[in-house]
Structure formats: structure tokens, C-alpha cells
Amino acid sequence: MTRPPQLQSLMDELEAQANEDRDPAETPDVGIVMGSDSDLPVMRGAHDALVDLDFAEQTDYDDPPGTRFTFETYVVSAHRTPELMDVYARAAEDRGIEVIIAGAGGKSADLPNMTASIAYPLPVIGVPVQEKSVDSVIGMPTGAPIVAVDAGKSYNAALSAAQILARQHPDLRQRLVDRHDALKTDVVETSRRVHDLGTPAYLEETEED
Ligand code: AIR
């Protein structure tokens with residue numbers, strides 16, 4: 001079957017990268033894929049979480065950013081470009097990806113589950129972009145695992161991806177611990193303000209912000 005040249009060229013690029021012998025520090029650690037660019041407003045949470053953890057987005061496989069941890073982003077549709085999904089998932093491990101975050105919306109959100117099956121044993125974290133996508137993302141048969149978050153929770157998907165990477169990287173583990181501590185401090189400070197100001201004054205203060 002003939003394919004549009006742009007599709008063939010992207011597939012060839014990914015396959016060629018899989019055959020290169022790259023230093024793991026120079027390849028993207030996390031691969032973010034989604035079914036459509038219309039998923040970006042939801043999937044942006046994964047980008048934001050990784051940036052919060054000092055990851056940089058790698059936009060050129062041949063020219064990695066200076067930071068140790070990086071991620072890349074592609075649109076890969078399970079139904080419109082199944083051959084691209086297949087190549088991305090098959091090549092991921094050899095391209096140096098350690099964990100994939102895959103998001104899709106609609107009732108047939110098959111990108112996360114199919115990517116998980118093809119990329120196995122690479123871990124795949126599925127993000128149902130909409131509430132109605134949850135069943136199709138998590139409904140995998142026994143023996144074909146996927147890890148998934150609730151609808152729209154792409155920020156948490158990225159934290160889970162970082163947790164997986166952190167098992168091999170103590171400095172990343174420390175960043176996760178520091179973020180968690182900051183979260184706790186935020187809650188306690190809010191708690192004190194609500195208590196010390198009293199409810200009406202607190203609400204007035206936050207409504208002014
Ligand atoms: N989708 C794209 N290819 C296969 C699927 N399931 C999903 C996208 C998006 C929704 O279909 O993940 O959430 C609608 O895509 P679009 O491009 O029509 O906006």
C-alpha cells in the first residue's frame with residue numbers, strides 16, 4: 001500500500017533513530033503521544049508537570065537540550081495513522097524512551113491501549129482525554145497491561161512517568177520529594193489562613209486575587 005510521503009518519511013525517521021547507538025542521556029526519556037492536536041489542551045498538563053520537574057522538551061532528536069531529562073511530543077492517531085502508531089510504539093525502546101504517556105479522546109480511544117500492547121514491556125501511561133474515553137483506555141485483557149489515570153489527569157500521568165524514571169535516578173527522586181513537600185506546605189499554609197482569618201475574610205481575600 002502506498003503512503004503519503006510525509007507519513008513514510010516520519011516513519012523512516014523513527015526507525016532510523018531506533019538503529020542509532022545513542023547515549024541514553026541524549027535521547028528523550030519520556031514520549032508523549034496523543035490522537036489529535038485537539039487533545040493538546042488536556043495533554044498540556046503532562047508537558048507542564050515535566051517542565052515543573054526541570055525536564056526539557058526535545059524537539060530535535062539529533063540536537064538534545066542540555067538538561068539530563070527530556071521528553072518529546074508527537075500526534076499519532078490509532079485510527080487515522082495506525083502504521084505510525086505501530087512504528088512509534090515498536091521503535092520507542094530502541095530510541096531511548098523509558099516510558100510513554102499516551103492520550104486519546106472519543107469513545108474509541110485506542111492509542112493508549114494499542115501503544116501499550118505494541119511497546120510492551122515499555123511502560124505506557126494512558127490518559128483518557130474525555131470521560132467517555134475511560135473504558136476504552138483502561139479496558140485491557142489479562143496479560144496486556146496498561147497503567148492509566150483518570151480522565152484529563154495528564155499532569156498526574158507525567159508525575160507517574162517521573163516516578164518510574166526516578167527508580168534509577170536519585171536526583172529526580174529528590175525533585176519529586178521536594179515537589180511533594182511543597183504541596184504539603186501549600187495545604188498547611190492555606191489551612192492556617194482559612195483558620196486565622198475566618199471563612200468570610202478568607203473568601204473575600206481569595207475573591208480579590
Ligand atoms: N482520535 C484520533 N484518532 C483516533 C482517535 N480515537 C481521537 C483524538 C481526539 C478525538 O479523536 O484523540 O480526542 C477527536 O479528534 P479530532 O482530530 O477530530 O479533533
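**View 1. R193, V194 and L197 of α7 meet T199, A201, Y202 and E205 of α8.** This is a predicted model, where local features need pLDDT of at least 70, side-chain atom pairs count only at pLDDT 80 or more, and totals for chains, interfaces and linings use all residues. Residues are numbered from 1 along each chain as its sequence is written. Meeting here means contact: two C-beta atoms, placed from the backbone, lie within 7 Å. Helices (H or I, at least four residues) and strands (E, at least two) are DSSP runs numbered from the N terminus. Helix α8 covers residues 199-208, and its axis sits 6 Å from that of α7 at an angle of about 125 degrees. Axes are lines fitted to C-alpha atoms, for helices over the stretch in contact, and angles run from 0 to 180 degrees between N-to-C directions. That makes α7 oblique to α8. Angles under 35 degrees count as roughly parallel, over 145 as roughly antiparallel, 65 to 115 as roughly perpendicular, and the rest as oblique. Sorted by class, this contact has 4 nonpolar, 1 polar and 2 charged residues. Ala, Val, Leu, Ile, Met, Phe, Trp, Tyr, Cys and Pro count as nonpolar, Asp, Glu, Lys and Arg as charged, and the others, Gly among them, as polar.

**View 2. Now for α6 against α7 (residues 170-197), whose axes come within 8 Å.** The two axes cross at roughly 140 degrees, so α6 and α7 are oblique to each other. On the α6 side you'll find A162, Q163, L165 and A166, and on the α7 side L172, R173 and L176. The class tally for this contact is 5 nonpolar, 1 polar and 1 charged.

**View 3. Helix α1 (residues 5-18) packs with helix α3 (residues 82-91) at an angle of about 10 degrees.** Their axes are 9 Å apart, and the pair is therefore roughly parallel. From α1 come L7, L10, M11, L14, E15, Q17 and A18, which meet E83, L84, V87, Y88 and A91 of α3. By class, the contact holds 9 nonpolar, 1 polar and 2 charged residues.

**View 4. Here's the ligand, surrounded by 15 residues.** The closest are G35, S36, S38, S77 and G105. The shell divides into 5 nonpolar, 8 polar and 2 charged residues.

View 5. Most residues other than glycine have a negative phi, and most peptide bonds are trans. Y120 and P121 are joined by a cis peptide bond, with omega about 10 degrees. D54 isn't a glycine, yet its phi is positive, at about 70 degrees.

Terms used:
Near = placed C-beta within 6 Å.
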